[in-house]
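Here is a short report on one protein chain. Look over the sequence and the model, then read on.

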Amino acid sequence: MSLFRTASAQDYVFNPESGFWELSFDSRPVRGTRCDDPELGAIQYNEARAKFKAKIKEGVRPEHVFEFTELVTWAIENGDLAQREIVLEMLQAEYADHYSEIAARALRIIPSHFDFAYFWTNRNGQRFRVSVELRQALVASIEGDE
């Protein structure tokens, strides 16, 4: 659950230059940060922030987040030779910079719904959890096409 600071009337400071009450901790153009009445401004600000957070919460979550093992399984079952080869390269990368270079190339040939599996999950070592049997099946699928 994501938290955000709510506003109260006491959080507003009157700005004589603009003639408005301004929220002391947030100057972004969010509804309620500038207002004629601090009570109403606080209500507007809190509603606007809650609405924004709700939109982010529903819009950010993918239906299914793929793991690296699922990417390997997909490559074996459905990937073409180039896709299987690049997944194998990712599995065999010896250092992080090399892996990142391979992952950047993979963006062009692996379906985009798998990008989380190989771009973001490498940080927790998911590729190292791919079983030996699955790795061997991937190698065999590549050797069978050559």
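## Arginine 84 and its surroundings

This model is predicted. Leaving aside neighbours within four places in sequence, arginine 84 touches Ala75, Ile76, Gly79, Leu138, Ser141, Ile142 and Asp145. Arginine 84 sits in helix α3. Is arginine 84 buried or exposed? Its relative accessibility is 7%, so arginine 84 counts as buried, the cut-off being under 20%.

Now for the helix pair. Helix α2 covers residues 68-78 and helix α3 covers residues 81-92. They pack at an angle of about 150°, with axes 9 Å apart. Angles over 145 degrees count as roughly antiparallel, so α2 is roughly antiparallel to α3. The crossing of α2 past α3 is left-handed. On the α2 side, the contact is made by Phe68, Leu71, Val72, Trp74, Ala75, Ile76 and Asn78. On the α3 side, Gln83, Arg84, Val87, Met90 and Leu91 take part. These contact residues comprise 9 nonpolar, 2 polar and 1 charged.

The table lists two pairings.

| Strands | Residues | Sense | Bridges |
|---|---|---|---|
| β1 and β2 | 12-15 and 20-23 | antiparallel | 4 bridges |
| β2 and β3 | β3: 34-35 | antiparallel | 2 bridges |

Asparagine 15 has phenylalanine 20 of β2 as its bridge partner. Tryptophan 21 has cysteine 35 of β3 as its bridge partner. The hairpin of β1 and β2 has 4 residues between the strands. There, glycine 19 takes a positive phi near 80°.

Conventions
Residues are numbered from 1 along each chain as its sequence is written. This is a predicted model: local features need pLDDT of at least 70, side-chain atom pairs count only at pLDDT 80 or more; totals for chains, interfaces and linings use all residues. Side-chain values use heavy atoms; hydrogens and water are left out. Axes are lines fitted to C-alpha atoms, for helices over the stretch in contact, and angles run from 0 to 180 degrees between N-to-C directions. Angles under 35 degrees count as roughly parallel, over 145 as roughly antiparallel, 65 to 115 as roughly perpendicular and the rest as oblique. A crossing is left-handed if the near helix is turned anticlockwise from the far one by less than a right angle, and right-handed if clockwise. Contact means heavy atoms within 4.5 Å. Ala, Val, Leu, Ile, Met, Phe, Trp, Tyr, Cys and Pro count as nonpolar, Asp, Glu, Lys and Arg as charged, and the others, Gly among them, as polar. Buried means under 20% relative accessible area, exposed over 50%, partly exposed in between (1.4 Å probe, protein chains only). Two strands pair if DSSP finds at least two bridges between them.
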